[in-house]
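The stops below are given in the order in which to select them.

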Amino acid sequence: MLIDTHVHVGRVWDTYEPMTPKIMLDWMDAHEIDMAVPLPLESPESASYYIPTGDMLALCAEHPDRFIAFCVVDPRMSVARGRESFRSIIGSYVDQGAVGFGEVKVGIPMADPRLQAIYEACDDLRLPLVFHIDNVRCTDTPTLDGLEAMLRAYPNVKFIGHAPGFWSAISADVTKEDMGGYPNRPVVPGGRLDALFSAYDNLYADLSAGSANTALTRDWEFGQGFLERNHQRLMFATDYLHPAQEVPQFDMFAAADLSADARAAIGSGNARRLLGV
Ligand SMILES: [Zn+2]
């Protein structure tokens with residue numbers, strides 16, 4: 001039994017068919033996924049279309065046994081009242097059932113003061129937060145110095161890493177170019193991800209998308225060790241978002257040589273603990 005902490009319901013890209021609730025639920029049944037988190041997208045850099053928080057809250061309220069609600073706000077909204085507005089908007093989403101924030105996929109730096117106003121509200125509200133780093137969205141240095149500063153500044157936020165700019169830091173030889181792609185050369189041990197996981201207990205990651213799958217399989221021996229030693233911070237996830245999508249995470253996770261503890265924690269235990277389900 002699995003929890004998938006990163007999917008999308010609605011229309012994300014103009015090049016793909018939209019994901020309907022029915023297609024998502026049937027796919028979850030077919031893959032023994034108990035519950036999933038349909039993440040809203042509300043920044044212009046996120047996708048081709050908006051997936052509003054309100055739609056996702058309504059979907060989760062309709063299927064409380066299958067879907068777990070997250071909310072999102074673009075930090076460039078509410079310019080007049082800033083921080084105060086974010087605290088009140090996000091607080092009202094929490095009252096409507098949201099247990100996390102994201103997907104943060106905004107075309108400004110990871111440590112931008114505008115995003116920090118959001119992290120501050122999430123810190124107050126004790127909300128975990130999913131973020132997407134690449135060379136356009138939530139930008140950072142290859143060694144993730146912006147992320148590290150945020151992990152330190154907002155200790156009550158569980159930061160859940162995702163996307164190429166995060167996962168390419170699995171290898172010590174990461175370059176700026178890697179952050180926007182899917183490097184598949186063997187991993188050079190001593191990468192920033194292992195260092196950040198051991199230094200900050202508020203760092204998590206989801207296994208979603210080609211980025212996580214490539215990072216973990218580009219050097220499978222290393223990838224399995226990474227899953228085992230960081231198993232208390234990793235959560236099974238796919239980023240399933242259109243009906244014809246191939247999802248490599250099922251085979252990858254099944255093939256990994258893991259302890260029973262690690263398999264249970266990554267498959268659903270960590271998500272249950274973090275999201276209170
Ligand atoms: Zn996503």
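Helices (H or I, at least four residues) and strands (E, at least two) are DSSP runs, numbered from the N terminus. The model is predicted, so local features need pLDDT of at least 70 and side-chain atom pairs count only at pLDDT 80 or more, while totals for chains, interfaces and linings use all residues. Residues are numbered from 1 along each chain as its sequence is written, and side-chain values use heavy atoms, with hydrogens and water left out.

**Stop 1: strand S4**

Select Glu103, which is found in strand S4. A cis peptide bond joins Gly102 to Glu103, with omega about 20°. Glu103 is buried, at a relative accessible area of 2%; buried means under 20% relative accessible area, exposed over 50% and partly exposed in between (1.4 Å probe, protein chains only).

Now extend the selection to residues 100-104, the whole of S4: 5 of the 5 residues are buried, so the strand is largely enclosed by the rest of the structure.

Show the neighbouring strands next. Two strands pair if DSSP finds at least two bridges between them. Strand S3 (residues 70-71) pairs with S4 in the parallel sense over 2 bridges, and Phe70 has Gly100 as its bridge partner in S4. From S3 the chain runs through helix H3 (residues 83-95) to S4 in a right-handed β-α-β crossover. Right-handed means that, with the strands pointing away from the viewer, the path from the first strand over the helix to the second runs clockwise.

S4 also pairs with strand S5 (residues 129-132), in the parallel sense over 2 bridges; the bridge partner of Phe101 in S5 is Leu129. The crossover from S4 through H4 to S5 is right-handed.

**Stop 2**

Glu103 in strand S4 and Asp239 in the loop between S8 and H10 are 136 residues apart. Asp239 is buried, with a relative accessible area of 11%.

**Stop 3: aromatic rings**

Rings of Phe, Tyr and Trp (its six-membered ring) pair if their centres lie within 6.5 Å; planes under 30 degrees apart count as stacked, over 60 as edge-to-face and the rest as tilted. By this rule there are 12 aromatic pairs.

Select Trp27 and Tyr240, a stacked pair at 3.9 Å centre to centre with 20° between the planes. Trp27 lies in helix H1 (residues 21-30) and Tyr240 in the loop between strand S8 (234-235) and helix H10 (249-255), so the pair ties together parts that are 213 residues apart in sequence. Trp27 and Tyr240 are both buried.

Move on to Tyr119 and Phe159, an edge-to-face pair at 5.3 Å centre to centre, with 80° between the planes. Tyr119 is in helix H4 (residues 113-125) and Phe159 in strand S6 (residues 159-162), so this pair ties together parts that are 40 residues apart in sequence.

**Stop 4: two backbone angles**

Select Arg126, in the loop between H4 and S5. Its phi is near 60°, a positive value in a residue other than glycine, and Arg126 is exposed, with a relative accessible area of 53%. Finish at Ala209 in helix H8 (residues 209-217). Ala209 has a positive phi of about 75° although it is not a glycine, and Ala209 is buried, with a relative accessible area of 16%.
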